[in-house]
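Please keep the structure open as you read.

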Amino acid sequence: MQILDVVNIGIAIIDKQYTVREWNHWLAMHSGISQEEIVGKSVFRFFPDLNNQSFIRGVKSVITFGNTIYFSQRLHKYLFPCKLSGAYASVFEYMQQQCTLAPVYNEETGANEVLITVIDVTESLYLEKSLREINLMDALTRVYNRRYLDQRLKEEILRYNRYQRPLSLIMLDLDHFKGVNDTFGHSCGDMILEKVSAMVTILIRGSDLIARYGGEEFCCVLPDTDLDGALLVAERIRANVEAMHLNCDERPIKVTVSLGIAEASPATNKPADLLKAADKAMYKAKRAGRNRVAS
């Protein structure tokens, strides 16, 4: 059917034995499997992952009862794995697809084939994810912002209160940062914030969280970490920041941080209480001479 090759969606037709009867140009182009290769052969030969209960039950329901079956991207991601390129490939392994299975009727035998339509929804999901990140990420440092910190801290405190698993918070502040901005300019200050936040991101676990609390202050949320564990993480951050070699306008800059540690407890089992305790510990480190950790 020539009309199938000019539409901008994927269209395939399979029979009750799962043999491919039609495979349009769109699917051939995106899957890398030509019409000559696949037509007349089992769809499972090329897509073995489709040989699952959900897909088989869907095909049988379409042929037996004439139902229309929807395969949502949010549940299934895709039916036919199609490789992506460019920016999309860094976010999704395969094209994200919205798919429909519908009956194809024959006047004599009734519904004996299934029409599969495939719509590429990768771009809209990519934009949705980008917008979500814009709302949750700090524009300068590309770590999470205060809004997401508040949200995540509420979740972790709820988990702590329910399961009594350890939870710690690190608050860190760049020492004498106003002097850096006054001496070297705000562009240099921005560079330092970016470098320090990137360093901290490397030093914490994937399950941990770093967020910009405000100005030159950052918070690290450490689930399943007690006070002793948080002290080790904080000291590692302090030492690595002190050892950084930074330059602005070909002039070396020495950067240090002061860090305060707090652990969730019956007295600090609310987000505001835990933040206040970590903030208090950080100012304790400041008063003790900066470039140190306090709890």
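1. A residue is called buried under 20% relative accessible area, exposed over 50%, and partly exposed in between, with a 1.4 Å probe and protein chains only. V6 has a relative accessibility of 66%, and therefore counts as exposed; this residue is found in the segment before β1 (10-15).

2. Before going further, note that this is a predicted model, in which local features need pLDDT of at least 70 and side-chain atom pairs count only at pLDDT 80 or more, while totals for chains, interfaces and linings use all residues. Residues are numbered from 1 along each chain as its sequence is written, and side-chain values use heavy atoms, with hydrogens and water left out.

3. Helices (H or I, at least four residues) and strands (E, at least two) are DSSP runs, numbered from the N terminus. In helix α8 (residues 177-184), the buried residues include F177, V180, N181 and F184. Seen down the axis of α8, the buried residues fall within an arc of 100 degrees, so they line one face of the helix; the arc is that of the directions from the helix axis to the C-beta atoms. On the face turned away from this buried side are the exposed residues K178, D182 and T183.

4. After α8 comes G185, whose phi is positive, near 100 degrees.

5. Which residues does I237 touch, not counting those up to four places away in sequence? With contact meaning heavy atoms within 4.5 Å, I237 touches L172, V200, L203, I204, C220 and L259.
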